[in-house]
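Reader: I have the sequence and the model open and have not seen them before. Please go through them with me by question and answer.

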Amino acid sequence: MNTNLCKKKVIHVIFCTMHDFHLHLARLPQPEQFARILAGRNYGYVAIACEPWEWEKLREIPYKCAAYGIHPMIAESATEADFARLREILISDPNAQVGEAGLDRRYPGYEPGGVQEAVFRRQAELARELGRDLQIHCVGDYMRIVKVLREVGFKGGPRPVFHRFGGDLSVVRAGIEMGAIFSLHADSFRKKSTAAAIKAIPPESVRFETDADETYCNPGTVPADAPSTETPVIEIAEALIKDLGEVKKLYELAIKGA
Ligand SMILES: [Zn+2]
């Protein structure tokens, strides 16, 4: 492979195009219109679907790259049928990633050895088996995530993607060893230890995201039954583009101060 070309491509992705590495397209109002407007603005994204209704909704929308998974907030209610359907969807879409999956101390089953860990491990194994990148959600102990990833054998294959990254330098070091991607959100710059660790991430392993979902816009801004005008959707799409640009600016400022 021509490494110069490859390098150019990476720089292009990071600095020249708008690419939102974590966007809950199916949770936004009028997602079909959103997809159309974002395509017109050359705004790329990974469309995340992290619970069964969201998987089916997303499959009705024209998207370019998707991720399908089971979020820790619903780990307790995940069934064998859900896992079977998840596998089926992933096999039907060879470009799709797995996730978001992970640990979240705000929801039931977070304790070590609990249901969140079991559901995360199964998805990590699925990602390894199918050779797919794994979008990881972590609100809590990153080192428990790292331990599972190591046990499952993430290294030099499909990549762990630390979404809305909030870990410290030890997580960055462990992630680099596994070839991880670190997806940065405006919140990633709030915590001192994370802001400091961001400087240690190789630039080619950095991505940006909005993590926009149904909480992104005020409820009722775009009534579900008002498809006659695209104006409110356009306004929200423009806010999204602006927000992603702000994350990039925060990153540029952070590495300047490195
Ligand atoms: Zn998310």
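Reader: Which residues do ring pairs link into a cluster?
Author: Rings of Phe, Tyr and Trp (its six-membered ring) pair if their centres lie within 6.5 Å; planes under 30 degrees apart count as stacked, over 60 as edge-to-face and the rest as tilted. A search of the whole structure by this rule finds six aromatic pairs. The cluster that ring pairs link is made of Tyr142, Phe162, Phe165 and Phe182.

Reader: What pLDDT do local features need in this model?
Author: Residues are numbered from 1 along each chain as its sequence is written, and side-chain values use heavy atoms, with hydrogens and water left out. The model is predicted: totals for chains, interfaces and linings use all residues, side-chain atom pairs count only at pLDDT 80 or more, and local features need a pLDDT of at least 70.

Reader: At what distance from the ring centre of Phe83 is the charged end of Arg122?
Author: A charge sits over a ring if NZ of Lys or CZ of Arg is within 6 Å of the ring centre and within 35 degrees of the ring normal. Arg207 is placed in this way over the face of Phe21, at 5.6 Å from the ring centre. For Arg122 over Phe83, the distance to the centre is 3.8 Å.

Reader: How many helices and strands does the chain have?
Author: Helices (H or I, at least four residues) and strands (E, at least two) are DSSP runs, numbered from the N terminus. The chain has 258 residues. Its secondary structure comes to nine helices and eight strands.

Reader: What share of the residues count as buried?
Author: Buried means under 20% relative accessible area, exposed over 50%, and partly exposed in between (1.4 Å probe, protein chains only). Of the 258 residues, the buried share is 49%.

Reader: Which residues coordinate the zinc ion?
Author: Donors are N, O and S atoms within 2.8 Å of the metal (3.2 Å for Na, K and Ca); water is not among the atoms, so sites may look incomplete. The donor distances run from 2.0 to 2.5 Å. The donor atoms are NE2 in both histidines, OE in the glutamate and OD in the aspartate, from His22, His24, Glu100 and Asp211.

Reader: How many residues apart in sequence are the parts that His22 and Glu100 tie together?
Author: The donor residues are spaced H-x1-H-x75-E-x110-D in sequence. His22 lies in strand β1 (residues 18–23) and Glu100 in strand β4, so the pair ties together parts whose separation in sequence is 78 residues.

Reader: Is the arrangement of donors around the zinc ion tetrahedral or irregular?
Author: Four donors count as tetrahedral if all angles lie between 85 and 135 degrees; four count as square planar and six as octahedral if opposite donors are over 155 degrees apart and all others between 65 and 115; anything else is irregular. Here the four donor atoms subtend angles of 87 to 177°, and therefore the arrangement is irregular.

Reader: Is Glu100 buried or exposed?
Author: Glu100 lies in strand β4, and the peptide bond from Gly99 to Glu100 is cis, with omega near 10°. Most peptide bonds are trans. His22 has a relative accessible area of 0%. For Glu100 the value is 2%, so the residue is buried.

Reader: With which residues is Asp104 in contact, leaving aside its neighbours within four places in sequence?
Author: Asp104 is in strand β4 and counts as buried, at 0% relative accessibility. Contact means heavy atoms within 4.5 Å. Leaving aside neighbours within four places in sequence, the partners of Asp104 are His71, Pro72, Tyr110, Gln116, His137 and Val139.

Reader: Against which elements do the buried residues of α5 pack?
Author: Helix α5 (residues 115–130) has 16 residues and reaches 23 Å from its first C-alpha to its last, close to the expected 22 Å; the expected span is 1.5 Å times one less than the number of residues. Its buried residues include Phe120 and Leu126. These buried residues pack against α4 (80–92), β4 (97–104), β5 (134–139) and α6 (142–152).

Reader: How far apart in space are Ile91 and Leu130, C-alpha to C-alpha?
Author: Ile91 belongs to helix α4. Leaving aside neighbours within four places in sequence, Ile91 is in contact with Leu130 and Arg132. Ile91 and Leu130 are 39 residues apart in sequence, and their C-alpha atoms are separated by 8.0 Å.

Reader: Is Asn42 buried or exposed?
Author: Asn42 is in the loop between α2 and β2 (43–49), with a positive phi near 60°. Gln30, in the loop between β1 and α2, also has a positive phi, near 45°, and is buried at 11% relative accessible area. Asn42 has a relative accessible area of 60%, so this residue is exposed.
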